[in-house]
Amino acid sequence: EEFNISRYWQLKRTLGYRFAKLLMWWRNLSSSWEKELKLSVRQLKQGRRGGHVIDEDALRCIVKFAGHNQRDDINQGVPVSDGPSEKDQVIQNKERKYGIKLIREVVVDAHQTTLYNSPAFVDDVAIGFCSLKAYDECIKFVKEMHSRDLIKLKQSTYEHAIYAAEEKKDLKMVDELIRNMED
């Protein structure tokens with residue numbers, strides 16, 4: 001099993017999603033993405049301790065699924081509504097903070113890979129921050145990536161940052177982001 005775990009991302013690229021999960025003995029394919037996330041987080045922590053670069057697919061997985069219980073739609077950047085009770089909201093905030101922490105760590109590690117210059121990855125980070133209500137983080141990250149001027153950001157990336165600024169009711173920032181998007 002440890003052999004498969006250490007080579008999971010290579011197996012997935014070679015054999016495809018379905019067969020890699022079967023080799024991992026992840027029988028319930030509908031929830032296997034949660035196991036994939038746990039594996040990714042484990043590899044991130046091991047890589048940080050060992051000082052080696054993490055597989056880009058593991059980094060992508062974390063960005064896409066971190067804080068998944070607090071995302072209304074994994075790919076749209078929409079957070080779930082706050083729970084009805086104070087207890088629910090405490091749990092939500094804890095899950096959001098952990099998801100945000102993971103995404104921040106991935107962004108740091110992504111500097112060592114080609115992923116950091118990928119418009120799709122940048123978009124996924126913006127979606128992740130937005131869906132976890134990390135509006136300041138989203139805006140800051142998108143502005144930073146825009147100012148680097150090394151890659152052309154997707155329109156949707158700007159739209160997530162604009163959504164974040166609107167949620168913060170920061171009309172100046174909305175205008176600035178729209179200008180950046182139109183550059």
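The secondary structure of the protein chain, as seen in this predicted model, amounts to 10 helices and 2 strands. Of the 183 residues in the protein chain, 45% count as buried. When contacts in the protein chain between residues at least 6 apart in sequence are considered, 59% of them join residues at least 24 apart.

In soluble globular proteins, nonpolar side chains tend to be buried together. In the present model, the largest nonpolar core has 46 residues, of which Ile 62, Val 125, Phe 129, Cys 138 and Phe 141 touch the most other members. At least two residues of this core are supplied by each of α2 (8–15), α4 (32–50), α5 (56–65), α6 (86–110), α7 (119–131), α8, α9 and α10 (171–182). For Ile 62, once its neighbours within four places in sequence are left aside, the residues in contact are Leu 37, Ser 40, Val 41, Leu 44, Leu 102 and Val 106.

Two packed helices are described by the angle between their axes and the distance between the axes. Helix α8 (residues 135–148) packs with helix α9 (residues 155–167) at an angle of about 140 degrees, and their axes lie 9 Å apart; the two helices are therefore oblique to each other. The crossing of α8 and α9 is left-handed. On the side of α8 the contact is made by Tyr 135, Cys 138, Ile 139, Val 142 and His 146, and on the side of α9 by Thr 157, Tyr 158, His 160, Ala 161, Tyr 163, Ala 164, Ala 165 and Glu 167. Sorted by class, the residues in this contact of α8 with α9 are 9 nonpolar, 3 polar and 1 charged.

Helix α8 also packs with α10, here at an angle of about 35 degrees and with the axes 11 Å apart, and α8 passes α10 in a left-handed crossing. This contact is made by Ile 139, Lys 143 and His 146 of α8 together with Met 173, Glu 176, Leu 177 and Asn 180 of α10. By class, the residues of the contact of α8 with α10 divide into 3 nonpolar, 2 polar and 2 charged.

Note on methods
Residues numbered from 1 in each chain as written. Predicted model: local features only at pLDDT ≥ 70, side-chain atom pairs only at ≥ 80, totals over all residues. Heavy atoms only, no water. Axes fitted to C-alpha atoms, helices over the stretch in contact; angles between N-to-C directions. Helix = DSSP H or I, 4+ residues; strand = E, 2+ residues; numbered from the N terminus. Parallel < 35°, antiparallel > 145°, perpendicular 65-115°, else oblique. Left-handed = near helix turned anticlockwise from the far one by under 90°. Contact = heavy atoms within 4.5 Å. Nonpolar A, V, L, I, M, F, W, Y, C, P; charged D, E, K, R; others polar. Core = buried A, V, L, I, M, F, W, Y, C linked by side-chain atoms within 4.5 Å. Buried < 20%, exposed > 50% of the residue type's maximum accessible area, 1.4 Å probe, protein only.
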